Amino acid sequence: MDTSVTIIGLFITILIGIPLFYVMRSNSINNNKIKEIKNKYSQNNRLKFELTETQNKKVLALDEKNKGFLFMDFNSKEKEIVYFIDLNTVESCKLSITAEGNSNTIVKIEFEFQYKKDKKTELIPFYKIENDQINQICLHEDHQLAKKWREIIQECISN
């Protein structure tokens with residue numbers, strides 16, 4: 001009786017422990033990648049991306065003092081996609097939302113940065129329906145996050 005209870009307890013512990021190990025390992029690998037990318041774009045430690053938010057395999061980071069914005073997207077199958085914007089050269093930030101044909105189905109959300117010098121516009125893709133494996137489950141969360149960060153970026157630009 002004691003042996004069977006011990007074996008069952010050990011089996012349940014292993015059953016729970018293995019997935020937890022893989023989750024923790026994956027999380028530490030992602031944190032190391034994020035730290036590496038932040039260091040790469042810190043311009044010899046001039047930029048310190050203190051304000052950071054992560055959601056749905058996307059990382060947004062901002063240095064409010066030196067005005068640097070960093071966006072990382074880990075949804076790509078090959079390699080992570082990274083965009084860096086020097087907000088000192090930017091006049092404004094807007095959200096560009098693309099809907100599909102006649103329906104209200106959003107297929108793309110992009111940050112639209114307008115530069116001061118030559119009025120050039122740069123689009124940074126934030127949400128693409130192709131990357132949403134669960135059919136627009138992430139759309140609402142990503143849309144709210146994009147709105148929030150557009151406000152944060154616009155406030156940083158105007159200061």
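Visitor: How many bridges join β2 to strand β3 (residues 68–73)?

Guide: This is a predicted model: local features need pLDDT of at least 70, side-chain atom pairs count only at pLDDT 80 or more, and totals for chains, interfaces and linings use all residues. Residues are numbered from 1 along each chain as its sequence is written, and side-chain values use heavy atoms, with hydrogens and water left out. Strands pair if DSSP finds at least two bridges between them. β2 and β3 run antiparallel, and the number of bridges joining them is six.

Visitor: Which residue of β3 is the bridge partner of Leu60?

Guide: Strands here are DSSP runs (E, at least two residues), helices are runs of H or I (at least four), and both are numbered from the N terminus. Leu60 sits on one side of β2, together with Lys58 and Leu62. Its bridge partner in β3 is Phe71.

Visitor: Which residue takes a positive phi in the hairpin of β2 and β3?

Guide: Four residues lie between these two strands. The positive phi is near 60 degrees, and the residue that takes it is Lys67.

Visitor: How many residues of strand β2 (residues 58–63) are buried?

Guide: Buried means under 20% relative accessible area, exposed means over 50%, and partly exposed is in between (1.4 Å probe, protein chains only). In a regular strand, side chains alternate between the two faces of the sheet. In β2 both faces are covered: Lys58, Leu60 and Leu62 are buried on one side, Val59, Ala61 and Asp63 on the other. Out of six residues, the buried count is six.

Visitor: How far apart are the C-alpha atoms of Leu95 and Arg150?

Guide: Leu95 lies in strand β5 (residues 90–99). Beyond four places in sequence, Leu95 touches residues including Glu110, Ala146 and Arg150 (contact: heavy atoms within 4.5 Å). Leu95 and Arg150 are 55 residues apart along the chain, yet their C-alpha atoms are separated by 7.0 Å.

Visitor: Is His143 buried or exposed?

Guide: His143 is in helix α2 (residues 137–158). Leaving aside neighbours within four places in sequence, it is in contact with Ile97, Ile106 and Ile109. Because its relative accessible area is 15%, His143 is buried.

Visitor: Which lysine meets Glu80 in a salt bridge?

Guide: The count of salt bridges comes to five. The side chains of Glu80 and Lys33 meet at 3.9 Å, N to O. Glu80 is in the loop between β3 and β4 (81–86) and its partner is in helix α1, 47 residues apart. At 35% relative accessibility the lysine counts as partly exposed; it is Lys33.

Visitor: How many residues apart in sequence are the parts tied together by Glu53 and Lys148?

Guide: These side chains meet in a salt bridge (3.0 Å, N to O). Glu53 lies in strand β1 and Lys148 in helix α2, so the parts tied together are apart in sequence by 95 residues.

Visitor: What is the N to O distance in the salt bridge of Lys119 and Glu91?

Guide: Lys119 counts as partly exposed because its relative accessibility is 47%. Glu91 counts as partly exposed too, at 37%. Their side chains meet in a salt bridge, with an N to O distance of 2.6 Å.

Visitor: What accessible area do Ile8, Phe11, Ile12, Leu15, Ile16 and Leu20 have together?

Guide: Patches take residues with over 30% relative accessible area and no salt bridge; like charges are joined within 9 Å, nonpolar side chains (Val, Leu, Ile, Met, Phe, Trp, Tyr) within 5 Å. Leu15, in helix α1 (residues 2–40), counts as exposed at 54%. Areas come from the Shrake-Rupley method with a 1.4 Å probe; for residues, only the protein chains shown count as cover. The six form a nonpolar surface patch, and their accessible area together is about 620 Å².

Definitions and conventions
Salt bridge = Lys/Arg side-chain N within 4 Å of Asp/Glu carboxyl O.
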